[in-house]
Amino acid sequence: MKAQIIEKNGKPEYAVIPYEDYLRMLAQIEDKVDAQAVAEFHENYVAGREQLVPAEILRRELEGESPIKLWREHRGLTQQELADRVGISKPYLSQIESGKRQGTIETLSAIARALDVSLELLTD
């Protein structure tokens with residue numbers, strides 16, 4: 001890389017480099033930032049602070065389906081099985097899944113624990 005050094009008051013102030021070198025440097029910086037982000041995600045995933053969301057769940061949630069219903073189905077549970085694990089009635093769970101009731105934070109937290117997902121995945 002050839003750089004032109006521009007001085008101010010006898011000290012280097014600027015370095016002018018060919019545009020191709022500049023683009024190559026930007027790409028290297030972006031690669032390093034991307035690698036750091038991947039490493040941080042992996043560390044958080046292994047530690048249980050991050051979760052992966054299957055594409056099908058994401059697609060259906062974006063279409064408006066209940067994340068609780070989607071995760072319940074993903075885990076292979078019936079409404080009755082999930083309701084039993086959480087300690088609520090099946091009709092109450094059905095109302096939460098359909099959006100007719102919101103559910104208390106305690107109930108939603110219990111559902112998240114029963115589905116082994118973060119509360120944020122069910123409420124955001």
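1. In this predicted model, Arg59 and Glu56 both belong to helix 2, which covers residues 55-62, and they sit 3 residues apart, about one turn of the helix. The two side chains form a salt bridge in which the closest N and O atoms are 2.6 Å apart. Arg59 is partly exposed, having a relative accessible area of 39%, and Glu56 is likewise classed as partly exposed, at 41%.

2. The salt bridge between the side chains of Arg72 and Glu97, at 2.6 Å from N to O, links separate elements. Arg72 lies in helix 3 and Glu97 in helix 5, so this pair ties together parts that are 25 residues apart in sequence. Both Arg72 and Glu97 are buried.

3. Turning to the aromatic side chains, the structure holds 2 aromatic pairs. One of them is formed by Phe41 and Tyr45, which are stacked, with 6.0 Å centre to centre and 15° between the planes. Both residues lie in helix 1, where they are 4 residues apart, about one turn of the helix. Phe41 counts as partly exposed at 32% relative accessibility, and Tyr45 is also partly exposed, with a relative accessible area of 39%.

4. Helix 1 runs over residues 19-46 and includes Tyr19, a residue that counts as exposed at 55% relative accessibility. Tyr19 also contributes to a nonpolar surface patch of about 560 Å², together with Tyr22, Leu23, Leu26, Ile29 and Val33.

5. The strands deserve a separate remark. Strand 1, residues 4-8, pairs with strand 2 in the antiparallel sense over 5 bridges, and within this pairing Ile6 stands opposite Tyr14 of strand 2. The hairpin that these strands make has 2 residues between the strands, and Asn9 there takes a positive phi near 55°. Strand 2 itself spans residues 11-16, and the number of buried residues among its 6 is 0, so this strand lies largely in the open.

6. Which residues of helix 6 are buried? In this helix, which spans residues 105-115, they are Thr107, Leu108, Ser109, Ala110, Ile111, Ala112 and Leu115. The elements that cover these buried residues include helix 3 (67-74), helix 4 (79-86), helix 5 (90-98) and helix 7 (119-123). Two of these covering elements, helix 3 and helix 5, also carry Arg72 and Glu97 respectively. Just after helix 6, Asp116 adopts a positive phi of about 60°, a backbone value that a reader checking the end of this helix may wish to locate in the model.

Notes. Residues numbered from 1 in each chain as written. Predicted model: local features only at pLDDT ≥ 70, side-chain atom pairs only at ≥ 80, totals over all residues. Heavy atoms only, no water. Patch = residues over 30% accessible without salt bridge, like charges linked within 9 Å, V, L, I, M, F, W, Y side chains within 5 Å. Areas by Shrake-Rupley, 256 points an atom, 1.4 Å probe, with all protein chains shown as cover. Salt bridge = Lys/Arg side-chain N within 4 Å of Asp/Glu carboxyl O. Buried < 20%, exposed > 50% of the residue type's maximum accessible area, 1.4 Å probe, protein only. Phe/Tyr/Trp six-rings, centres within 6.5 Å; stacked < 30°, edge-to-face > 60°. Pairing = 2+ DSSP bridges. Contact = heavy atoms within 4.5 Å.
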